[in-house]
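Biologist: I am new to this one. Can you take me through it, and say what each label rests on?

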Amino acid sequence: MRPRLEDLPIRDDLRGMTPYGAPQAPLPVALNVNENTHPVPKDVADDILDAVAIALRDVNRYPDREFTLLREGFADYLGHGLSADQIWAGNGSNEVLQHLLQAFAGPGRTVFGFAPTYSMYPLLTRSTGGTWVAGERGVDFTLTAESAAAQVAAARPDVVMLCAPNNPTGTPLPIDVIEAVYAASEGIVIVDEAYFEFAPAGERSALTLLPGRERMVVSRTMSKAFAFAGARVGYLAADPALIDALRLVRLPYHLSALTQAAASAALRHAPTMLAAVADIVGQRDRISATLAALGYRPYESWSNFVLFSGVEDPAATWQALYERGVLIRDIGLPRSLRVTAGTEEETSAFLDALASLDSAS
Ligand SMILES: Cc1ncc(COP(=O)(O)O)c(C=O)c1O
């Protein structure tokens, strides 16, 4: 008989855990993991390919451990007067978050977030040996400064994870809530801005709060607005001292020469890479309006996806859409499903398929 996981001498605190498992299926319309479904423009892809080809010539050597050029690129891209010594990067923002938890959480420490939130936060917390503590949200998954600060002050966590805007709900996180949570905490406050580029123009990023707040971190990713999920590049901005802490836990040379070259080249084309954002935001708003017209209840979203409730049987609706070639996400919230805003065609395919089901309750 083949050995089973339970039979292995695995760490006790990992027993019974389930791995991150968004279904990956080769369906024509995949709107389930909040990717940017617009392909990288051809001239940019060609330029990235050239940069990777050049890096390949030296691939017999280890890469720049400090990924200096890439950090300079991120500092320029983010603006806000940031310099390269305030930037860190990893293979996706998941790795960047893992570095943070390795350095600041772990055994005997707690990580706090307002549920429902990004499903990787509890997983990363536990896999790094820490304890996840879930706080509560108010009506429609919103948070007020008073409630958020009171919950954080009571829980006294070592790390707070704030998702702005929040996945899987899309809920905006007002800047005064972030300020209040920081003031109420003594630990590290991570603001995960994975979807920030989809927020209304002119909205304030938590990056503006960084000066004078040495326990605050703002993480971002190239996986969403930047259309670069397959390259696995995430990054953060924080005080240089905090960045030094991350050097203690990262694996040497964790960002490959090919990743660094590809990401730096993509960053040089930032405006082109981000060109689809306006279209995606338009499709997101179209999804919300159409869902409401169909009798569902979409939640306000500042991201590239929409959570909607009023689904009588989410598993059945998910399956019926699957059979029509449309993959969306059942994130386990009662009577709810989540869909990513795709291209106009993909979005139409989803809305048409859903309309043909008539499963709103
Ligand atoms: C809120 C949030 N943070 C971080 C990530 C991780 O993204 P990546 O590791 O691709 O950068 C995701 C991915 O869906 C996310 O939703």
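This is a predicted model: local features need pLDDT of at least 70, side-chain atom pairs count only at pLDDT 80 or more; totals for chains, interfaces and linings use all residues.

Biologist: How is the protein chain divided into domains?

Modeller: There are two parts. Domain 1 is 5–40 + 276–357, and domain 2 is 42–272. Their C-alpha centres lie 23 Å apart. The contact takes 24 residues from domain 1 and 26 residues from domain 2.

Biologist: What makes up the side of domain 1 that touches domain 2?

Modeller: α10 (277–293) and β10 (305–309) each supply at least two residues of that side. By class, the side has 14 nonpolar, 6 polar and 4 charged residues.

Biologist: What does UniProt place at residues 29–354?

Modeller: The UniProt record, an unreviewed entry, gives "domain: Aminotransferase class I/classII large" there. Over residues 29–354 the chain is 40% helix and 15% strand. The end C-alpha atoms of that stretch are 13 Å apart.

Biologist: Why is Lys224 called buried?

Modeller: The cut-off is 20 or more other C-beta atoms within 10 Å. Lys224 has 27, so Lys224 is buried. Leaving out residues up to four places away in sequence, Lys224 touches Asn34, Asn36, Ala194, Tyr195 and Asn304.

Biologist: What makes Asn34 stand out by its phi?

Modeller: Phi of Asn34 is near 55°. That is a positive value in a residue other than glycine. Asn34 lies in the loop between β1 (29–30) and α1 (42–56). Asn34 has 24 C-beta neighbours inside 10 Å, and the cut-off is 20, so Asn34 counts as buried.

Biologist: And what about Ala227, which also has a positive phi?

Modeller: Its value is about 55°, although Ala227 is not a glycine. Ala227 is in the loop between β7 and β8. With 25 other C-beta atoms within 10 Å against a cut-off of 20, Ala227 is therefore buried.

Biologist: Which residues touch the most other members of the largest nonpolar core?

Modeller: That core has 97 residues. Ala89, Leu162, Val181, Ile190, Val191, Val217 and Ala266 touch the most other members. α8 gives the most to this core, with 7 residues. The core draws at least three residues from each of domain 1 and domain 2.

Biologist: Why would such residues gather?

Modeller: In soluble globular proteins, nonpolar side chains tend to be buried together.

Biologist: What is Val181 in contact with?

Modeller: Leaving aside neighbours within four places in sequence, Val181 is in contact with Ala148, Ala149, Val152, Val160, Leu162 and Val189.

Biologist: What does Leu255 touch?

Modeller: Pro63, Phe67, Ala89, Gly90, Asn91 and Gln260, not counting residues up to four places away in sequence. Leu255 and Glu66 are 189 residues apart along the chain, and their C-alpha atoms are separated by 8.9 Å.

Biologist: Which residues of α4 (residues 120–127) are buried?

Modeller: Tyr121, Pro122, Leu124 and Thr125 are buried. They cover an arc of only 165° around the axis, so they lie on the same side of α4.

Biologist: What covers the buried residues of α4?

Modeller: The cover includes α3 (93–104), β3 (110–114), β4 (131–135) and β5 (159–163). α4 is followed by Gly129, whose phi is positive, near 90°.

Definitions and conventions: Residues are numbered from 1 along each chain as its sequence is written. A residue is buried if 20 or more other C-beta atoms lie within 10 Å of its own, exposed if 12 or fewer, and partly exposed in between; C-beta atoms are placed from the backbone. Two residues are in contact if their C-beta atoms, placed from the backbone, lie within 7 Å. A nonpolar core is a set of buried Ala, Val, Leu, Ile, Met, Phe, Trp, Tyr and Cys residues joined through C-beta atoms within 7 Å. Helices (H or I, at least four residues) and strands (E, at least two) are DSSP runs, numbered from the N terminus. Domain bounds come from an automatic or database domain assignment. Ala, Val, Leu, Ile, Met, Phe, Trp, Tyr, Cys and Pro count as nonpolar, Asp, Glu, Lys and Arg as charged, and the others, Gly among them, as polar. The arc is that of the directions from the helix axis to the C-beta atoms. UniProt positions are given in the numbering used here, feature names are shortened, and annotations may be inferred rather than shown by experiment.
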